[in-house]
There are 2 protein chains.
Amino acid sequence: MISVVILGAGNVGTHLYKAFRKSDSVTITQWYNRDLSNLQIYKNDVEIVDDLSKLKEADIYVLAISDDAVSELSKVLPFENRLVVHTSGSVNVHDLDKKNQRGVFYPLQTFSKHSEIDFSNVPICIEVLEKQNLQLLKDLAVAIGSPNYKISTEQRQTLHLSAVYVNNFANQLYRIAHEISDAKSINFDILKPLILETAKKVQDMSPYMAQTGPAKRNDKKTIKRHLKLLENEQHKAIYELLTKSIKQTHGR
Amino acid sequence: MISVVILGAGNVGTHLYKAFRKSDSVTITQWYNRDLSNLQIYKNDVEIVDDLSKLKEADIYVLAISDDAVSELSKVLPFENRLVVHTSGSVNVHDLDKKNQRGVFYPLQTFSKHSEIDFSNVPICIEVLEKQNLQLLKDLAVAIGSPNYKISTEQRQTLHLSAVYVNNFANQLYRIAHEISDAKSINFDILKPLILETAKKVQDMSPYMAQTGPAKRNDKKTIKRHLKLLENEQHKAIYELLTKSIKQTHGR
């Protein structure tokens, strides 16, 4: 049985709480938040606490708080030489105060407040400063059914950057398609299966192999007609830049 | 029972053939291709033909051929006043020769040669010049289990353009993430669940509502760090342009 204390009650903290609770091999010793009001609805299921001095002993302290708060909170923890991990994609593991053993338990996924998360679809990126803690964090990932990967700080920061491309930027392309189609009174539902299929395709095939379309074919006629259809200058600039990028990738 | 003749043996033609064959309410009168060698493996299941003068009567002639060939092939069809449709996202319906009744049966999806297609995930965009043919084309879509939408030429061309954003361009972002992570020896598998979840999210939520990340939050520190991590000038330009676009969308 792995005992954990969760610190933080945002999206990541709440989803981890639910995953830990469901697991037979994890016990949640306490759930800490500066402001207890967010945790009141859980008070019958777990010990909730807003006073750091009341933190009990546990195998792992999981900091699920904003990037900027990690360093500060780790400094004021009233104990030493225990395992403290943060859950951020970008914070350096050395930003955790060195009075404790340090690690990272970074779930690479997009978390919405209200939707249920299936942790078998949440890869956990693990980093440790003390080797002996690697297995414990791997066990914690396995306990919630997550695939896990040992990665370095540099790799984690690169993953965080890559995630911006495949998540935030891809979503902005969906948004632009929404704007373009809305302007012509087109039901956005028509595009949804294509969005899903495009994402599914690269689950088994490299994005390189999966590519199709006018830019890859260097179909100048279609590209020209598309640019003529675009009224928004920024949409046009994005079309041109990504077309150029695809051409370069595919040597056209 | 709807009788169809398919003309063309590329991806779209082949997938439509399989979908029509599975349907209880469609009969495939013939399958035409200029070059019969592609069709030989189907010759026991359907009448295959490479001579236009041998085309038999059918309710619908489905041209599943390259954009550039639509006009020409429609001209040399040796019959008049029958229903001829093309399957292209960008070709004008008027490019079909006016000696026949004309329409469009455009499946908006990405087709790979080897993967099976579930047509319940393939919206069919329908356009007709003769009103009385609308119901027949809707029936054909229903017969293969596809959602269908009546759209105009302008809407179809806008959809084709939108599809480039959500398919080709989104896929290129996956490719860039692949390049970035490969350069640091990161397993691309780690990013696959996020790719899928991002696409799933907008099935029930607008892309606007689904957006998260440093650009939306205008988190200058993270954006600056990301730009510093990027070594490729084009990746950097794409990061900057899409960040600007997200900021604009979310009023930052």
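Q: Two residues count as in contact if their C-beta atoms, placed from the backbone, lie within 7 Å. Across which strands does helix H4 of chain A lie?
A: This is a predicted model, in which local features need pLDDT of at least 70 and side-chain atom pairs count only at pLDDT 80 or more, while totals for chains, interfaces and linings use all residues. Residues are numbered from 1 along each chain as its sequence is written, and chains are lettered from A and ligands numbered from 1 in the order in which they are written. Helices (H or I, at least four residues) and strands (E, at least two) are DSSP runs, numbered from the N terminus. Helix H4 of chain A, residues 153–182, lies across S6 and S7.

Q: At about what angle to S7(A) does helix H3 of chain A run?
A: Axes are lines fitted to C-alpha atoms, for helices over the stretch in contact, and angles run from 0 to 180 degrees between N-to-C directions. Helix H3 (residues 134–143) of chain A lies across several strands, S7 (124–128) among them, and its angle to S7(A) is about 165°.

Q: Which are the edge strands of chain A?
A: Strands pair if DSSP finds at least two bridges between them. The open sheet of chain A has eight strands in the order S3-S2-S1-S4-S5-S6-S7-S8, with mixed pairing. Pairing on one side only are S3 (48–49) and S8 (148–150).

Q: How many residues does H4(A) give to the side of chain A that touches chain B?
A: In total, 74 residues of chain A are in contact with 75 residues of chain B. The largest share of that side of chain A comes from H4(A), with 25 residues.
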